[in-house]
Amino acid sequence: MELQVRAWMALASLSGLMAVAAGAFGAHGVADPQAKAWLQTGAQYQLAHALAVFGCYVVWRAGGGAAQVAAWLFLAGGFLFGGSLYLMALGAPRWFGAITPIGGGLMLLAWALLAYATLTGPRTTLV
């Protein structure tokens, strides 16, 4: 596996770890209902998009080269989306909420790019 792919796979794993930690902290370590909601939302989105990076690997291996870019967008979007919510839950100023939709936009762009990579990649099988 090439170094770039190893990097985004390792970062996806760390993103999943961060999402589970944030979700657990929200469930057990926070009393404020708004902070709980931010942690839960951030964790759900970040975890789903960490897993999407692994899907990018499948599409990339099948010849959909654009899946590499989608993987980076999923990671960046997940960190910006979840991270901004986590920071607000921990007391950062509310203006951090302006970062959240940027992360969401990157995740949307990544899904579109992954669909493109899937549809335009060479017709091959993984087995």
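This is a predicted model: local features need pLDDT of at least 70, side-chain atom pairs count only at pLDDT 80 or more; totals for chains, interfaces and linings use all residues.
Residues are numbered from 1 along each chain as its sequence is written, and side-chain values use heavy atoms, without hydrogens and water. Local features need pLDDT of at least 70, side-chain atom pairs count only at pLDDT 80 or more, and totals for chains, interfaces and linings use all residues.

Colleague: How many aromatic pairs does the structure hold?
Modeller: Rings of Phe, Tyr and Trp (its six-membered ring) pair if their centres lie within 6.5 Å. Planes under 30 degrees apart count as stacked, over 60 as edge-to-face and the rest as tilted. The number of aromatic pairs in the structure is 4.

Colleague: What kind of pair do Tyr 57 and Trp 60 make?
Modeller: Their ring centres are 5.7 Å apart. The planes stand at 35°, so the pair of Tyr 57 and Trp 60 is tilted.

Colleague: Which helix holds both Tyr 57 and Trp 60?
Modeller: Helices are DSSP runs (H or I, at least four residues), numbered from the N terminus. Tyr 57 and Trp 60 are 3 residues apart, about one turn of the helix. Both lie in residues 33–61, which is helix 2.

Colleague: Is Trp 60 buried or exposed?
Modeller: Buried means under 20% relative accessible area, exposed over 50%, partly exposed in between (1.4 Å probe, protein chains only). Trp 60 has 17% relative accessibility, so Trp 60 counts as buried.

Colleague: What kind of pair do Phe 74 and Trp 111 make?
Modeller: The centres of these rings are 4.8 Å apart. Their planes are at 75°, so the pair of Phe 74 and Trp 111 is edge-to-face.

Colleague: How many residues apart in sequence are the parts that Phe 74 and Trp 111 tie together?
Modeller: Phe 74 lies in helix 3 (residues 67–89). Trp 111 lies in helix 4 (residues 100–120). So the pair ties together parts whose separation in sequence is 37 residues.

Colleague: Which residues does Val 5 touch?
Modeller: Val 5 is in helix 1 (residues 3–28). At 0% relative accessibility, Val 5 counts as buried. Contact means heavy atoms within 4.5 Å. Not counting residues up to four places away in sequence, Val 5 touches Tyr 57 and Trp 60.

Colleague: Which residues does Thr 100 touch?
Modeller: Thr 100 lies in helix 4. Thr 100 is buried, with a relative accessible area of 10%. Leaving out residues up to four places away in sequence, Thr 100 touches Leu 80, Phe 81, Ser 84 and Leu 85.

Definitions and conventions. Helices (H or I, at least four residues) and strands (E, at least two) are DSSP runs, numbered from the N terminus.
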